[in-house]
Every structure is written in C-alpha cells, then in structure tokens.
Amino acid sequence: AQTIADIAGLQAILDASVRSVNVTATLAEINAGKTLVAGVAGKTIKVVDYTARVSGNFASNTSVDIQSSNGTPVKVGVLAVAALTTGAVLRSSPSANTTLGAGFGVPVGTGDDIVVANVGSAATGGTSITFTINYVIA
C-alpha cells in the first residue's frame with residue numbers, strides 16, 4: 001500500500017523533471033508583457049534552456065527580455081533588437097546579440113512567473129516571437 005511519504009516522494013520526482021512550454025507572443029503582447037510560464041505558489045521556476053523564433057523585423061526597442069515577474073525582475077535572457085530579425089532562431093546557448101541573465105539556470109523568486117518584457121521604446125515592425133522554455137519547478 002502507498003503511504004503519504006510515497007506520494008510526497010513521487011511529487012518531488014515530478015517537480016524535478018524538465019518541463020517544456022511553447023508560447024507565441026505577438027508584438028502587442030510583447031509590448032504589454034506576457035506570461036510565458038505561470039508561477040506555482042510556494043515553488044520556484046528554474047529556466048534551463050530557451051529558444052526564441054522571430055517573425056518580422058523588430059525595431060524601435062532596445063531588447064526583448066525573458067525575466068521573472070517580480071517587482072525587481074531577474075533577467076533570464078536578453079534578446080537585443082539587432083537579433084530580432086525575421087527567421088532568426090535565438091537560443092540560450094551562445095547566439096549573436098543575446099545574453100544570459102543572472103536568472104538563467106537558477107531558481108527565480110518563489111511564486112514568480114516567467115514573462116516576456118519589452119525594454120526601451122515600444123517595439124515596432126515585428127509580428128511575433130515563439131518561445132520554447134524548458135524549466136524545472138523547484
């Protein structure tokens with residue numbers, strides 16, 4: 001028979017598994033900010049890999065950032081506008097004009113979402129970015 005300890009142990013194993021989500025953020029959603037991975041109450045999210053597929057040529061902004069939803073956000077990745085050209089595929093492994101933030105590979109704040117945020121002036125020109133985020137619940 002299973003015990004509560006067995007179930008708790010199973011939950012710990014499931015939490016430690018890498019999960020993946022694909023989310024497309026339109027130009028308007030990038031400018032407004034969009035949740036890519038919803039936070040979990042009492043838990044943290046650790047992003048272990050990401051890919052961003054760009055549609056359209058972005059302009060006017062400084063960067064599109066993947067970050068925590070905290071009032072003082074922790075950056076996971078910074079995608080400079082120079083990299084945001086149609087057909088570009090940007091990865092967390094070295095890509096031109098992308099930078100890993102302090103929040104990559106470490107847990108962000110408890111309960112925080114992972115969001116996409118526009119930095120600088122409102123982005124123009126681009127159509128969307130499709131993000132694949134691989135993460136662990138910790």
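Two strands pair if DSSP finds at least two bridges between them. That idea opens this report on a predicted model.

**Strand pairing around S7**

Strand S7 covers residues 114-137. Strand S3, residues 45-68, runs antiparallel to S7, and 19 bridges join the two. Within this pairing, valine 47 stands opposite tyrosine 135 in S7.

Strand S1 also pairs with S7 in the antiparallel sense. S1 spans residues 19-26, and eight bridges make up the pairing. Here serine 20 faces asparagine 134 of S7 as its opposite residue.

Strand S2 takes in residues 34-37. Three bridges join S2 to S7, again antiparallel. Threonine 35 stands opposite valine 115 in S7.

In a regular strand, side chains alternate between the two faces of the sheet.

**Salt bridges**

How many salt bridges does the structure hold? There are two. The table lists them.

| Glutamate 29 | Lysine 34 | 3.2 Å |

Aspartate 65 has a relative accessible area of 3%, so it is buried. Lysine 75 has 29%, so lysine 75 is partly exposed.

**Two residues in detail**

Where does valine 81 lie? Valine 81 is in the loop between strand S4 (75-80) and strand S5 (89-91). Its relative accessible area is 24%. Buried means under 20% and exposed over 50%, so valine 81 counts as partly exposed. Leaving aside neighbours within four places in sequence, valine 81 is in contact with Phe58, Ala59, Asn61, Thr62 and Ser63. Valine 81 and serine 20 are 61 residues apart in sequence. In space, their C-alpha atoms are 25 Å apart.

Threonine 98 belongs to strand S6, residues 98-100. Is threonine 98 buried or exposed? Its relative accessibility is 17%, so threonine 98 counts as buried. The side chain of threonine 98 reaches the backbone oxygen of serine 95 at 2.8 Å. With neighbours within four places in sequence left aside, threonine 98 is in contact with Val78, Leu79, Leu90 and Arg91.

Notes
Residues are numbered from 1 along each chain as its sequence is written. This is a predicted model: local features need pLDDT of at least 70, side-chain atom pairs count only at pLDDT 80 or more; totals for chains, interfaces and linings use all residues. Side-chain values use heavy atoms; hydrogens and water are left out. Helices (H or I, at least four residues) and strands (E, at least two) are DSSP runs, numbered from the N terminus. Buried means under 20% relative accessible area, exposed over 50%, partly exposed in between (1.4 Å probe, protein chains only). Contact means heavy atoms within 4.5 Å. A polar contact is a pair of N or O atoms within 3.5 Å; within protein, one must be able to donate a hydrogen and the other to accept it, and residues adjacent in sequence count only if both atoms are side-chain atoms. A salt bridge is a side-chain nitrogen of Lys or Arg within 4 Å of a carboxyl oxygen of Asp or Glu.
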